[in-house]
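Please read this briefing with the model open beside it. The points are grouped by topic.

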Amino acid sequence: MKNIFAAVLLSLLSLTAAAERADSLKPAQVEYDSADLDGVNGVRTLTGNVILTRGTLLLKADRAVVRETPEGYMTVTLTANNGKLTTFRQKRDGGPNLWVEGQAERIEYDERAELVRLYSNALIKELENDQLSNQVTGPFISYDSRKEVATVRNDVSGQSKVGGGRGTLILSPKRTPAGGAQ
């Protein structure tokens, strides 16, 4: 999925390390409980404990719908059952233990537009040595990787509404105190 999930976090928080570049060159393996594969219409519906692995990228959902255009572009919609979340995790370049993680009730990815949207209880965070570095939350997070523009809104519709939810941005300091003591 072209490392789009890692790109979301990296651009949202102005981070310096990039996603694991080698992942985009590796085959994807998808595990599921059942599948409906429609080759004529280019739609694959995978249900039941869906786990997609591509290099260090790991996606988990209760359901995944993959649509492919005649030109070969994919759109992927990952959803979770009531009360659960769809998740992703991917290693970042730049060090041995740098990760990006995220979750939402629904995640949509449009390969042609290079656009990812996280709906309802959206969270994206960066980890360094298993410690939280940065985090953004909101009812809706969208990232356009072509324009490198992120949008966080207080309603799952992608709009900001009076009385809607609130987001949170956590930015950890990148520098250490004088003398290196922490």
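Over the face of which residue does R89 lie? R89 lies over the face of W99, at 4.0 Å from the ring centre. This is a predicted model, in which local features need pLDDT of at least 70, side-chain atom pairs count only at pLDDT 80 or more, and totals for chains, interfaces and linings use all residues. Residues are numbered from 1 along each chain as its sequence is written, and side-chain values use heavy atoms, with hydrogens and water left out.

**Overall make-up**

- The protein chain has 1 helix and 12 strands; helices (H or I, at least four residues) and strands (E, at least two) are DSSP runs, numbered from the N terminus.
- Along the sequence the pattern is α-β-β-β-β-β-β-β-β-β-β-β-β.
- Of the 182 residues of the protein chain, 40% count as buried, where buried means under 20% relative accessible area, exposed over 50% and partly exposed in between (1.4 Å probe, protein chains only).

**Rings and charges**

- R106 lies over the face of Y119, at 3.8 Å from the ring centre.
- The structure holds 1 aromatic pair; rings of Phe, Tyr and Trp (its six-membered ring) pair if their centres lie within 6.5 Å, and planes under 30 degrees apart count as stacked, over 60 as edge-to-face and the rest as tilted.

**Nonpolar core**

- The largest nonpolar core has 22 residues, of which L78, I107 and L118 touch the most other members.
- Strand 3, strand 4, strand 5, strand 7 (98-104), strand 8 (106-110), strand 9 and strand 10 each supply at least two residues of this core.
- Strand 4 gives the most to this core, with 5 residues.
- A nonpolar core is a set of buried Ala, Val, Leu, Ile, Met, Phe, Trp, Tyr and Cys residues joined through side-chain atoms within 4.5 Å.

**Second largest pocket**

- The second largest pocket has a volume of about 300 Å³, a volume being the space filled by probe spheres set on grid points that are joined across faces, edges and corners.
- A pocket is found on a 1 Å grid over the protein atoms alone, as an open set of points where a 1.4 Å probe fits, with protein on both sides within 12 Å along at least five of seven lines; lining residues have an atom within 4 Å of a point.
- The lining of this pocket has 17 residues, and A28, V30, L52, V66 and M74 lie nearest its centre.
- Two or more lining residues come from each of strand 3 (43-54), strand 4 (57-68) and strand 5 (74-79), and strand 3 gives the largest share, 5 residues.
- By class, the lining has 14 nonpolar, no polar and 3 charged residues; Ala, Val, Leu, Ile, Met, Phe, Trp, Tyr, Cys and Pro count as nonpolar, Asp, Glu, Lys and Arg as charged, and the others, Gly among them, as polar.

**Single residues**

- N49 lies in strand 3 and has a positive phi of about 50 degrees although it is not a glycine; N49 counts as partly exposed because its relative accessibility is 49%.
- N129, in the loop between strand 9 (115-128) and strand 10 (131-144), has a positive phi of about 50 degrees and is not a glycine.
- A61 lies in strand 4 and counts as buried because its relative accessibility is 7%.

Note on methods: Lys NZ or Arg CZ within 6 Å of the ring centre and 35° of its normal.
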